[in-house]
Amino acid sequence: MNQKNITWHEGKVQKADRQHLNGHKSALLWFTGLSGSGKSTISVEVERKLHELGHHTYRLDGDNIRHGLNGDLAFSEEDRTENIRRIGEVSKLFVDAGIITLAAFISPYKKDRAFARSLLPDGEFIEIYIQASIETCASRDPKGLYKKVKKGELKNFSGIDSPYEIPQSPEIVIDTENQRIDESVLQIVNYLKNKGFI
Ligand SMILES: Nc1ncnc2c1ncn2[C@@H]1O[C@H](COP(=O)(O)OP(=O)(O)O)[C@@H](O)[C@H]1O
Ligand SMILES: [Mg+2]
């Protein structure tokens, strides 16, 4: 990174001004978990609920971002790290814009999630571990990926032949094997209410 001759130019509208205009605070809801655990499903429903409640939201989702901004990246450890670094930086901009941002990425490495957390002030990075065993994920197999792994057509798959490092102290744990989607949505929305974000 070359930061020589680069000076930050302060604006006259700040994050707090945007939040004030919106009537709620902004934060980053970071959904992490195995493929098929339910990150996309739950984040979509959380966003819909927040929108219904009149809040400003934006959702960043793994596959969608890999179609565009991160279309040049694959699934090596290095590329996964770069994927999360860019998402972290983009999410930070959205939070700065006053928006409740939902990021749904496997994000298998602790250090990468810690990096994304480090970009935001305390409390604004909300790590949500979407929990389901690898067996459950493989039986759901919403995108047919586990089937491909089994046939040997897909490599570097998190939880199988690539690591998934379980979050040690996430702000929220969602047990998708024992709770319904609507219960999970309520749990997350209530967290935002209890912490005074909305
Ligand atoms: N309780 C639950 N919570 C979330 N998803 C569930 C639950 N029960 C079954 N599912 C299903 O699991 C699948 C999760 O897929 P998806 O959201 O695409 O996962 P991810 O984005 O984590 O890869 C969906 O087909 C969803 O309908
Ligand atoms: Mg998904």
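Is Asp61 buried or exposed?

1. **Asp61.** Asp61 is buried, with a relative accessible area of 8%. Here buried means under 20% relative accessible area, exposed means over 50%, and partly exposed is in between (1.4 Å probe, protein chains only). You will find Asp61 in strand 2. Leaving out residues up to four places away in sequence, Asp61 touches Ser40, Ser43, Ala104 and Phe105; contact means heavy atoms within 4.5 Å. Asp61 and Ser43 are 18 residues apart along the chain, and their C-alpha atoms are separated by 8.9 Å.

2. **What you are looking at.** This is a predicted model, in which local features need pLDDT of at least 70 and side-chain atom pairs count only at pLDDT 80 or more, while totals for chains, interfaces and linings use all residues. Residues are numbered from 1 along each chain as its sequence is written, chains are lettered from A and ligands numbered from 1 in the order in which they are written, and side-chain values use heavy atoms, with hydrogens and water left out. Helices (H or I, at least four residues) and strands (E, at least two) are DSSP runs, numbered from the N terminus.

3. Five strands form an open sheet in the order 2-3-1-4-5, with parallel pairing. Two strands pair if DSSP finds at least two bridges between them. As background, strands of a sheet pair through backbone hydrogen bonds, either parallel or antiparallel. Which strands lie at the edges? They are strand 2 and strand 5, each of which pairs on one side only. On average, neighbouring strands of this sheet are turned by 20° against each other, direction ignored. For these angles, axes are lines fitted to C-alpha atoms, for helices over the stretch in contact, and angles run from 0 to 180 degrees between N-to-C directions.

4. **One pair of strands.** Strand 1 and strand 3 pair in the parallel sense over 4 bridges. Follow Leu28 across to strand 3 and you reach its bridge partner, Thr101.

5. **Helices on the sheet.** Helix 2 packs on the sheet and touches strand 1, strand 2, strand 3, strand 4 and strand 5. The direction of helix 2 makes about 170° with that of strand 2. Helix 5 (residues 110-118) also packs on the sheet, touching strand 1 and strand 4, and its direction makes about 150° with that of strand 4.

6. **A closer look at helix 2.** Which residues of helix 2 are buried? They are Lys39, Ile42, Ser43, Val46, Glu47 and Leu50. Seen down the axis of helix 2, these buried residues fall within an arc of 135°, so they line one face of the helix; the arc is that of the directions from the helix axis to the C-beta atoms. On the other side of helix 2, His51 and Glu52 are exposed. Just after the helix, Gly54 takes a positive phi of about 90°.

7. **The nonpolar cores.** A nonpolar core is a set of buried Ala, Val, Leu, Ile, Met, Phe, Trp, Tyr and Cys residues joined through side-chain atoms within 4.5 Å. The largest has 20 residues, and those with the most contacts inside it are Leu29, Phe31, Val46, Ile126, Ile128 and Ile188. Helix 8 gives the most to this core, with 5 residues. Apart from it lies another core, of 12 residues, among them Leu28, Ile65, Ile84 and Ile87.

8. **Leu102.** Leu102 is found in strand 3 and is buried, with a relative accessible area of 0%. Leu102 and Leu29 are 73 residues apart in sequence and 4.7 Å apart in space, C-alpha to C-alpha. Among the residues that Leu102 touches, not counting those up to four places away in sequence, are Phe31, Val46 and Leu60.

9. Asn5 has a phi near 60°, a positive value in a residue other than glycine. Asn5 sits in the segment before helix 1 (15-22) and is exposed, with a relative accessible area of 78%. Asn156 is not a glycine either, yet has a positive phi of about 55°. Asn156 lies in the loop between helix 7 (145-150) and strand 5 and is partly exposed, at 37% relative accessible area.
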